[in-house]
Amino acid sequence: MGSLILDALNVRVQGQGEKVLVFAHGVGTDQSAWQRILPFFTPYYRVVLFDLVCAGSVNPDYFNFRRCTNLEAYVDDLLNILDTLGVDRCFYVGHSVSAMIGILASIRRPELFSKLILIGASPRFLNDEDYHGGFEQEEIESVFQAMEANYEAWVNGFAPLAVGADVPDAVREFTRTLFNMRPDITLFVSRTVFNSDLRGILGLVKVPCCIIQTSKDVSVPASVAEYLKNHLGGENTVETLRTEGHLPHLSAPAMLAPVIKRALSR
Amino acid sequence: MASSSMDMAATMNDLPDVILSIIFSSVSDTRARNSLSLVNRKFLALERSTRTSLALRGKARDIYMIPTCFRSVTHLDLSLLSPWGCSDLLSSASSDPFLLAHRLRLAFPLVTSLTVYARSPSTLHILLPQWPNLSHVKLIRWHQRSSSPHLGNDLVPLFEHCQALSSIDLSSFYHWTEDIPPVLHAYPSVSKALKYLDLLTASLTDGFKSEEIQAITAACPSLTKLLLVCIFDPSYFGCVGDETLLAIVANCPKLRVLHLVDRASLGSTRGEPDDDGYTREDAKISKVGLVDFFTGLPLLQELVLDVYQNVRDSALSLEALHSKCPELKLLKLGQFHGICMAIESQLDGVALCSGLVSLTIKNSADLTDMGLIEIGRGCCKLAKFEVEGCKKITMKGMRTMASLLHKTLIEVKISCCKNLNAVASLRSLEPIQGQIERLHLDCVWEGLEEDGGILCFDLNEGLCQSFEHEYGSKRKKSRYSSDPDPSSFCMQSNGNGMFSKSWDRLRYLSLWIGAGVLLTPLPTAGLYDCPNLEEIRIKVEGDCRTGHKPSQREFGLSCLAYYPRLSKMQLDCSDTIGFALTAPSGQMDLTLWERFFLNGIGNLSLYELDYWPPQDRDVNQRSLALPGAGLLAECLTLRKLFIHGTAHEHFITFFLRIPNLRDVQLREDYYPAPENDTCTEMRVGSCWRFEDALNGRQIPD
């Protein structure tokens, strides 16, 4: 069972070091998103990389629609990997949805994580009465419409043609990556992501967190970073990168790496 | 009676084996050969015994599946085994790499020519000793050279194990210029026997320096073919100058084929048609130097001097080319100016090289219509003519030249010439429309003023006295002879501009088009009727990061459905630059462009497709996106699909919908190829699973 998951999720361990550092990519990308960040860390840490089960680089047959209805299934996968590798303590860097997964994992197994580094994280993407998550219901609806059109086309043997450019500008950067999977998986995972709401359990997190935010991320408003800082249960810091975008590990790795390093050393 | 009439009819089977064997030897198409071998056992045996060239496809680790019936193969290509470009062909194959090498030798005992992907020298150390008679080796590596300081390390196995080596091709092998001279010096017995050396590699950042060129040629005096990337830019140390050229001819007098190409010229992007054509500096090559250079190469048949720095007033030197190199058939000149003076009716400069069969002129700033006509008169045997980046030539000159060469010209390329847009280029070839077999055009649709009346120059007037003298008598005969007057050729055209004849012989079309420009005007521009067009290459180039969207949903590939026999396409969007996932707000990413380019491709009945996805240079990513995968999967007649980039598993599984798809490979054949499977979205396991699924299907034929 153990080695199966290492194989299925393309787990790789690189680098030399005593401490373990886990990089978890966001939905719609895969572990190669970290490739320009890695050289800053492989000399000093044992780095663990893996692909989420919904990633395009993983055999789509492994995606179990019944199991992956919420984020807990992804937490299971993460903990399974760490247990199989024999890791009992690690640093965790998670982007976007993987940040949410890291938060949930640290509630279940607080002793496993020395620190969580959360990049572009948000406990809930949809706006609520007093809460500004960044996405309006209508905007999400238009995204789902595009995804449903793709799904229909794909199921009937036609080319799925809706792309990131077809959705409103406000949601485009985030959802662009969501289109990077098979249409049925895309639709399913997107529903999971937009239905998730972790606000209620943030207080249960005891592990210290570093929240890294870019100066302008259309998908994650600045207020969300503050919200996280104030509501996560442990010691929290917020770092702001002087760059724009939701994927700083792709667009500005040289700026992000030192910030992660600093966070790890504290 | 019945039996005797059957005895009378002779079939192919009755031919003696020797004759059948000779016939089969000349069949080169693989599918035809496969069909032959299915006829009966005798044909099978004959086909196998005459098949001399084989490219192995399949998984490196399935060594038990190596075919053993092709024992006559002398040329073996192992570079396409799966996974493509794997880190070490032999070590990933099985636990015993020697076993694989041994099995290959048993299956193909007569190999003398080998092509292999050599990521590290260990592969070669194990493989090369299997065939001691190897005379030609082509090494391929798109992955970066390891940063090991041992120069030439990658090539040592070649020189150590192949005593009969006479030909090395490193044109697709990632190496440094410093690797070559040391290994040539270390193995003088092999170097001295080398006849063919191809070092025209795009991976080199600079090109060979003068000292290196001198060292290489000194070590290999028997060379008959030499292709080198060099530096002609005078601001660099080690640039090629007169002494370098003289050293080459002094060291290698037997050269038949010589290509000296400036590194900047090897780039795949087109130049700027608005450039005046002169570079800032001149090359350090003098007229005298050139003349001495040509004098030293009496056996020369093929010469490429793609200099990329001005070589001015070259007419006199080129005249020497004619007298000193009588065998010269192919000539390519880059950045040579004044190649012919076009004074009245005299033939001079390059126009004196009457034996030329192929001529390419690139960036000749002062080439005019008169020059073209002079070349058309002088180089009267030209079958292939290519002109690039010449601002001053127009449709009239080109058309007159085409008419002059109506007897021989079958292949033409016109690119980056400001006054020759697509329509003008096609009109200029109208006189020889029915005989052109291969054509390249730039799809520039912006019109020039149509010069209503005169289509070409009137050759009958006193303009060219000697022309009169040469052709005058023929003109009188033309009424009676079947040899039409060239001037009458160029006057033919319908007044309304529509082409009356079809491009009967056109089999291969190559197009350049800017990103965002539509392809749809192509048929109406003049390529409406191409009944035999089989293969098309389209290169799309441009920067998509400026924020604009394509104006329409479709690039226009559907318009190619006009060509009934079109079956093979190369769609190269690799120089279309944009953002993959990190487009700043307000900007479009490449998925939109990919949808634009590929929309409609399912309407063509393509059999074979090579596709280069657009590129995100910041992250060195060339990958297939969702709309691309979906649209390619709509090409239901595809049998072979090669994607020159990456794609993840979710998307490549779309291709399993194509019923007869047989051969698919993702080839990251660009510099530098991604190091390993954690650098991209592709995983080795994905490739295995996909290939198993692909191979597991029943294919009717």
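In the predicted model, the centres of domain 1 and domain 2 of chain B, taken over C-alpha atoms, are separated by 29 Å, the domain bounds being those of an automatic or database domain assignment. That assignment gives domain 1 as 31–60 + 79–265 + 286–377 + 388–401 + 415–420 and domain 2 as 522–578 + 588–696. Because the model is predicted, local features need pLDDT of at least 70 and side-chain atom pairs count only at pLDDT 80 or more, whereas totals for chains, interfaces and linings use all residues. Residues are numbered from 1 along each chain as its sequence is written, chains are lettered from A and ligands numbered from 1 in the order in which they are written, and side-chain values use heavy atoms, with hydrogens and water left out.

Between the two domains of chain B, 20 residues of domain 1 are in contact with 19 residues of domain 2, contact meaning heavy atoms within 4.5 Å. The two domains bury about 1600 Å² between them, 53% of it on carbon and sulfur atoms, where buried area is the accessible area (1.4 Å probe) that two parts lose on being put together, summed over both. Of the area that domain 1 buries against domain 2, B:Lys59, B:Trp84 and B:Trp142 supply 40%, more than any other three residues. Two salt bridges are found across this domain interface, a salt bridge being a side-chain nitrogen of Lys or Arg within 4 Å of a carboxyl oxygen of Asp or Glu. In chain B, Asp663 and Arg57 form a salt bridge in which the closest N and O atoms are 2.5 Å apart.

The interface of the two chains involves 45 residues of chain A in contact with 35 residues of chain B, and about 3200 Å² is buried between them, 53% of it on carbon and sulfur atoms. A:Leu161, A:Val163 and A:Arg176 supply 17% of the area that chain A buries against chain B, more than any other three residues. Five salt bridges are found across the chain interface, and one salt bridge joins the side chains of B:Asp677 and A:Arg12 at 2.8 Å, N to O. Helix 5 of chain A gives the most to the side of chain A that touches chain B, with four residues, helices (H or I, at least four residues) and strands (E, at least two) being DSSP runs numbered from the N terminus.

B:His648 lies in the loop between strand 19 (640–643) and helix 23 (649–652) of chain B. This histidine, B:His648, is buried, with a relative accessible area of 3%, buried meaning under 20%, exposed over 50% and partly exposed in between (1.4 Å probe, protein chains only). Its side chain reaches the backbone oxygen of A:Asn180 at 2.8 Å, and, not counting residues up to four places away in sequence, B:His648 touches A:Gly56, A:Ser57, A:Asn180 and B:Glu681.

The largest nonpolar core has 256 residues, a nonpolar core being a set of buried Ala, Val, Leu, Ile, Met, Phe, Trp, Tyr and Cys residues joined through side-chain atoms within 4.5 Å. Among the residues with the most contacts inside this core are A:Phe113, B:Phe108 and B:Leu560.

Technical notes:
Polar contact = N/O pair within 3.5 Å; in protein donor to acceptor, adjacent residues only side chain to side chain.
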